[in-house]
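Thanks for making the time, everyone.

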Amino acid sequence: MTDEILFVDDEQNILESYKRSVRRQFTIETALGAEAGLEAIQQNGTFAVIVSDMRMPGMNGTQFLSKVRHRCPDTVRMLLTGQADVNDAIAVVNEGQIFRFLTKPCPPEILAKALNDGIEQYRLITAEKELLEKTLKGSIKLLIDILSIVRPEAFGRSVRIRKSANEIASHLDLKKTWQLDLAASLSQIGCVTIPGEILSKKYQGQSLSESEKKMFSKHLQIGRDLLKHIPRLEGIAEAIAYQEKRFDGGGLPKDSKKEKDIPIIARILKVVHDFDELVMAGKSNVQALEEMHLRGFWYDPEVLAALKASTPNEDNWFVVREIGAINIRSGMVLAEDLKTKTNQLLVSKRHEITDSMQMCIWNFAENNNIVEPIKIIDSLVETDHS
């Protein structure tokens, strides 16, 4: 429906005259009155241009187009007015609520030019929006790929927690889950500045020295600074900065925020991060959950309950299979750490292989510098824990 035009008027004969005058140039739909216009939008979706009469019973043109603006912000809106309504129409234009107003009677050539201009404006708006979305997605993918190559330990953790975070969101019936999904994927982006050996110790549940703890904690602010200037990621950047904040107000950053003042995405990330750390340190799912419950008010009770509801009681819900490095494929999940023959960690266990990581593994295998066979999780019994 990219270039369809909707005319709205309370007089059928006027609607028919519009159709006759421009139907050869444009795809036209009509609606008899404002309510019928809203119904047309509901049934048919977004129109490129909507042209409405000013004087209509029940709901006038400006009121109707105001509703259109909220429902279809990309639609180009035009108002047809009589001479008595010109001042009102000018005020509406100046307030930015409509693209153009036309006076009655409107000659066909002027109407056709206005419609062409409206369609061109709609195409500019949607093209810019599409470009922004593609640029945003490309930028995010680039950041994630960089993390996977530079700090595979950090990337492995982000992949592991992403699934748990999304399952929690499902149990909580959380809206805008795309924000949580991105926050989980980018939660470790600040770790590109942290030495790999410190990350390995942290993610495997080993104790860090005070200096190492201080260094690791910096990834929160670094991650926030990397993301806060990217359009539409401001909220995600804030959540990443608070992902180590405890529900009782303890943890980082050291400020007065606590409980529901902490962003819900950050509260979820805190729960899945700590659970992942305990499991990676060798605890079973049950043991990890029990220890988290003993920590008191560290976690949002609702989020912790959602984690328990979405987590299998035992680790027997997957089947492990051994394969050669040449058979590794994007989407596979590792059952054990993948290391080189010099004991360098390439990818940590429970990590989902990406396209770039698959290529990296193949390159190591070609040089006969990877420990084989590789153990992967062959299947998950989703019905037992989803």
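The sulfur of Cys-360 lies 18 Å from the closest cysteine sulfur, that of Cys-191, which is too far for a bond. A disulfide is a covalent bond between the sulfur atoms of two cysteines, and the rule applied here asks for a pair of cysteine sulfur atoms within 2.5 Å; by this rule the count is 0 disulfides. Cys-360 counts as partly exposed because its relative accessibility is 23%, where buried means under 20% relative accessible area, exposed over 50%, and partly exposed in between, with a 1.4 Å probe and protein chains only.

Residues are numbered from 1 along each chain as its sequence is written, and side-chain values use heavy atoms, with hydrogens and water left out.

Now to helix H12, residues 285–294, where Asn-285, Ala-288, Leu-289 and Met-292 are buried; helices here are DSSP runs of H or I with at least four residues, strands are runs of E with at least two, and both are numbered from the N terminus. Seen down the axis of H12, the buried residues fall within an arc of 95 degrees, so they line one face of the helix, the arc being that of the directions from the helix axis to the C-beta atoms. Those buried residues pack against helix H11 (264–280) and helix H13 (301–310), with contact meaning heavy atoms within 4.5 Å. Just after H12, Gly-296 takes a positive phi of about 75 degrees.

Turning to the sheet, five strands form an open arrangement in the order S2-S1-S3-S4-S5, with parallel pairing, where two strands pair if DSSP finds at least two bridges between them. Strand S2 (27–32) and strand S5 (100–103) are the edge strands, each pairing on one side only. Strand S1 (residues 4–9) is joined to strand S3 (residues 49–53) by 4 bridges, and Leu-6 stands opposite Ile-50 in S3.

Finally, confidence: pLDDT is the predictor's confidence in each residue, from 0 to 100, and the protein averages 84, with 91% of the residues scoring at least 70. Over residues 380–386 the pLDDT is below 50. Where pLDDT is low, the predicted coordinates should not be read in detail.

How values were computed: Predicted model: local features only at pLDDT ≥ 70, side-chain atom pairs only at ≥ 80, totals over all residues.
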